[in-house]
Amino acid sequence: MTTPQDVLKMIRDNNIQMIDLKFIDMPGIWQHLTVFHNQIDESSFTDGVPFDGSSIRGWKAINESDMAMVLDPNTAWIDPFMKEPTLSIICSIKEPRTGEWYSRCPRVIAQKAVDYLVSSGVGDTAFFGPEAEFFIFDDVRFDQNSHEGYYHVDSIEGRWNSGKAEGPNLGYKPRYKEGYFPVPPTDTFQDIRTEMLLTMAKCGVPIEKQHHEVATGGQCELGFRFGKLIEAADWLMTYKYVIKNVARKYGKTVTFMPKPVFQDNGSGMHTHQSIWKDGQPLFAGDKYAGLSETALHYIGGILKHAPALLAITNPTTNSYKRLVPGYEAPVNLAYSQGNRSASIRIPLSGTNPKAKRLEFRCPDATSNPYLAFAAMLCAGLDGIKNKIDPGSPLDKNIYELSPEELAKVPSTPGSLELALEALEKDHAFLTEPGVFTEDFIETWISYKLDNEVNPMRLRPHPYEFALYYDC
């Protein structure tokens, strides 16, 4: 554990001039305020640094805008992208007038989920390991106004460029759905990904691996070790920050949009998770795939609440362009030890009980990780509390099931609107433990409808012109 005194010493020893205070807004984008080093003292780690929160999405009104960022000393790292020596620190948000933690701060909600786990008596630690996929593009253009709407993305690796006069075109562009693990020169991003990975390590993220992903056009993934719930969310935000800034250094751009390319695999965030107590794993046992009864009930909770859960773990309209059959997408609300189109997979873990975990494959990295991990934990704990039976595993090939068999397998919601409707009907598993408030759920649903679902509904889609212009 790092203490406030350790951070203040780090500032002195490294001649740090600026302190960059980062916090996350409700939809999941990092915000920051940079202060001169003499503005930080020990009270900054308890009382916080004041700021105006009225313009943060989903937060305070203008007449109640005073808020405070409370620094977490465990999150301090020297920012590798700043010209002047700058220390980055992640913060949680307090109400300065009352001293209470702010109920709409995602990091505060994540802490309440951890507190709920401990108070439930089930366990004392929840581990999460997200696997966030992304695309590296060379160019992106998009616009939307009253008389036109379009997007354009491009990549040196895009199969669509196989016939382009590039002066010269050297070929070696991954085929659609065949981008998994090719060596250079087909994989052109080896050095960039290595720099991304090593830069993440300098920022305190415990790195593991990097590789190309399935889609053409620059789909990639970096891996880091699992961590405790809040720790893992902090690392994921650092991951996104580092990847985007390293890509920019190379004149490229990164997106975590789940489906930026038509007719190829989308980008997900398969999320590994397990619960421990007193240093012992609780998910290993003698049931299906080496799971314990506790783990099966946790799965039962995830599956029962999945339609509502996806409103938080898959929170964009674009998320549901990925969750469609035919692309290894986990659209089937079932569990399996080998079936990758099942929403929950049990990874191979050998004989080591500490490696026993489940992998929820639905989420994507447009989600706010603090909210997503907290919501998944609440759903799993509800399954344990109520001994929810997950049903039989789905070990058959989904694509070989008869229509009658397939009809018995529940599937994920087909749109963000349907997921929000499910959340409106089913959120007691989030609010009754005191992790999420009714105010937050109402704000989340109204924000998503007003700013994303309804605006999308109002605008003509380019493909509609192909379908209907000559009618």
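## A buried arginine

R361 counts as buried because its relative accessibility is 2%, where buried means under 20% relative accessible area, exposed over 50% and partly exposed in between (1.4 Å probe, protein chains only). R361 sits in the loop between β18 (358-360) and α7 (369-385); helices (H or I, at least four residues) and strands (E, at least two) are DSSP runs, numbered from the N terminus. The side chain of R361 makes a polar contact with the side chain of H270 at 3.5 Å, a polar contact being a pair of N or O atoms within 3.5 Å of which, within protein, one must be able to donate a hydrogen and the other to accept it, while residues adjacent in sequence count only if both atoms are side-chain atoms.

## Basis of the model

This is a predicted model, in which local features need pLDDT of at least 70 and side-chain atom pairs count only at pLDDT 80 or more, whereas totals for chains, interfaces and linings use all residues. Residues are numbered from 1 along each chain as its sequence is written, and side-chain values use heavy atoms, with hydrogens and water left out.

Strand β10 (residues 207-212) is joined by five bridges to strand β11 (residues 219-224), and the two run antiparallel, with I207 opposite F224 in β11. Six residues lie between β10 and β11 in their hairpin, and G217 in the turn has a positive phi of about 80°.

## Backbone exceptions in loops

Most residues other than glycine have a negative phi, and most peptide bonds are trans. The loop between β9 (149-154) and α3 (190-202) holds P168, and the peptide bond from G167 to P168 is cis, with omega near 0°. P185 lies in the loop between β9 and α3 as well, and a cis peptide bond with omega of about 10° joins P184 and P185.

K177, also placed in the loop between β9 and α3, has a positive phi near 65° although it is a residue other than glycine, and at 40% relative accessibility K177 counts as partly exposed. D278, in the loop between β14 (269-277) and β15 (280-281), is not a glycine but has a positive phi of about 50°; at 64% relative accessibility D278 counts as exposed.

Methods: Two strands pair if DSSP finds at least two bridges between them.
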